[in-house]
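Subject: Handover of a structure, with notes

Dear colleague,

Please find the sequence and structure below. The notes that follow set out what was found.

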Amino acid sequence: MTLQAIKPAAFPWFPYEGFTFCLGLSEDGGAWSSGHTSAAHDDAVGKMTVSGTMAEQARTAYRKVMTIIEAAGYGPDDVVHVTENVTVAGLADYAAAAGVRAEVFGAHEPTVTTVVVERLVRSAALLEIEMHAVRGGGAELLAASERREAGTWAPSPVREGYDGTVHLPTMVPVDESGGVVAPGDFVGQYAYCLDRADVLLRKAGLSLDNAVTTYDYSTPASRDMYRKTHRVRKERLGGAGVHPGAGGILMSRLHHPEALVAIDVTASRHPLELVNPGWSRYDTLTYAPGVRAGRTLFMSGFAALDMETQEALHPGDIGAQAEATYGAVLHLLEYAGLGPADLLSTIEFCVESALRDYRAVAPVRERLLSPPWPASTGAICKGLLRPEFLLEVFPTALYPEGAPTTATTNTTAGDAS
């Protein structure tokens with residue numbers, strides 16, 4: 001099977017053809033949606049608009065995404081993983097979105113990842129939702145009732161979805177009483193989040209050695225301290241010889257007012273293979289450019305970086321940065337024996353100061369990517385770890401069924417020792 005765009009017979013919110021993303025993708029046994037807000041085309045004003053309370057927006061966004069998932073032949077009980085991007089402005093009302101989610105799923109509980117974002121592309125939008133579904137809702141590795149404990153944001157289970165991918169709820173540095181752990185200590189909070197992820201994975205029969213990505217979210221005030229996480233990561237990750245992919249995004253605040261970091265960890269049931277086309281910079285890092293697990297290629301976040309000189313490219317020009325960023329993604333895909341049509345998803349984070357020029361990214365995607373177009377989500381962040389960067393992309397790809405292991409793939413990370 002190959003990835004196919006999901007095309008509902010009726011999608012009343014906007015005409016969805018002609019974009020450089022699809023509503024969602026499906027393959028036999030699995031479906032993935034793009035991120036969707038409550039935005040709908042208003043014929044009276046001739047453009048997309050957003051309005052309503054958090055609960056109203058959540059209901060519309062969930063109706064949109066469930067329409068896509070149902071068009072691929074799946075229902076609420078098949079949903080394995082939900083990502084909710086909630087804005088800083090909407091965070092105080094996030095409980096209302098959780099209430100809508102409970103209405104949608106009833107007794108079924110998918111894994112919930114909660115990403116606090118600076119804002120969304122539509123300025124009035126408070127919430128953006130994306131979903132992953134498999135037949136039967138995947139395997140519940142750890143029920144929510146077994147893991148209502150410190151260090152997680154949403155009381156949701158740990159589930160295994162398509163191709164052995166294991167989803168965890170978001171790790172935040174909050175203890176059993178709701179208080180923040182290690183106040184003011186960025187490295188301490190970072191270690192706590194990874195340790196809590198390891199606890200959940202071990203209860204599910206895995207460990208951090210099975211991690212394929214660690215995407216973390218911190219604040220601009222933590223940027224200068226970020227390098228100190230190297231030791232924490234080296235001590236905890238890569239124990240099986242391959243470090244996970246990674247990405248780092250900055251928001252003005254996170255889930256708790258005193259939280260300095262939140263981490264989303266994804267793992268896999270399959271053995272891990274390092275995928276690196278020869279970029280020596282990763283030899284001393286605690287993350288990999290790509291990790292193959294089963295048929296899935298998990299990747300680090302990419303930005304406009306010269307892989308040899310470490311120089312940030314095209315300062316101030318988000319269009320040129322998008323060209324360099326997607327160029328690096330395609331280079332990795334080509335090395336892995338894949339192409340643009342194998343991209344399963346792209347998550348784009350645009351820096352708030354560059355939002356006015358964000359539209360320059362679409363023609364780059366149109367030129368470099370191809371149908372069926374990846375399932376895509378876009379959100380606005382306060383900044384990135386390198387202040388020169390305006391865009392960071394988290395990509396994932398899927399190997400065609402029966403594709404052999406890449407002959408030139410390395411099986412150990414450069415600094416696994």
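Strand 7 (residues 111-117) is mostly covered, with 7 of its 7 residues buried; buried means under 20% relative accessible area, exposed over 50% and partly exposed in between, for a 1.4 Å probe and protein chains only. The model is predicted: local features need pLDDT of at least 70, side-chain atom pairs count only at pLDDT 80 or more, and totals for chains, interfaces and linings use all residues. Residues are numbered from 1 along each chain as its sequence is written, and side-chain values use heavy atoms, with hydrogens and water left out. Helices (H or I, at least four residues) and strands (E, at least two) are DSSP runs, numbered from the N terminus.

Strand 7 and its partner

In a regular strand the side chains alternate between the two faces of the sheet. On one side of strand 7 lie Thr111, Thr113, Val115 and Val117, on the other Val112, Thr114 and Val116, and all of these are buried. Strand 7 runs parallel to strand 6 (residues 79-87), and 7 bridges join the two; strands pair if DSSP finds at least two bridges between them. Within this pairing, His81 has Thr111 as its bridge partner in strand 7.

Strand 16 (residues 290-293) and strand 17 (residues 296-299) run antiparallel and are joined by 4 bridges. Gly290 stands opposite Met299 in strand 17. Contact, here and below, means heavy atoms within 4.5 Å.

Strand 21 is mostly covered, as 8 of its 8 residues are buried. Leu391, Val393, Pro395 and Ala397 point one way, Glu392, Phe394, Thr396 and Leu398 the other way, and all are buried. Strand 21 pairs with strand 17 in the antiparallel sense over 3 bridges, and Leu297 stands opposite Ala397. Strand 18 also runs antiparallel to strand 21, joined by 7 bridges, with Glu348 opposite Val393.

The axes of helix 5 (residues 318-335) and helix 6 (residues 361-368) come within 9 Å and cross at roughly 30°. The two helices are therefore roughly parallel to each other, given that angles under 35 degrees count as roughly parallel, over 145 as roughly antiparallel, 65 to 115 as roughly perpendicular and the rest as oblique. Helix 5 passes helix 6 in a right-handed crossing; a crossing is right-handed if the near helix is turned clockwise from the far one by less than a right angle, and left-handed if anticlockwise.

Helix 5 contributes Ile318, Gly319, Ala322, Glu323, Tyr326, Gly327 and Leu330 to the contact, and helix 6 contributes Val361, Val364, Arg365, Arg367 and Leu368. By class, this contact has 7 nonpolar, 2 polar and 3 charged residues (Ala, Val, Leu, Ile, Met, Phe, Trp, Tyr, Cys and Pro count as nonpolar, Asp, Glu, Lys and Arg as charged, and the others, Gly among them, as polar).

Leaving aside neighbours within four places in sequence, Arg365 is in contact with Thr20, Phe21, Tyr326, Thr346, Glu348, Trp373, Pro374 and Ser376.

Strand 12 (residues 211-218) and strand 14 (residues 261-268) pair in the antiparallel sense over 7 bridges, and Tyr217 has Ala262 as its bridge partner in strand 14.

Yours sincerely

Technical notes
Axes fitted to C-alpha atoms, helices over the stretch in contact; angles between N-to-C directions.
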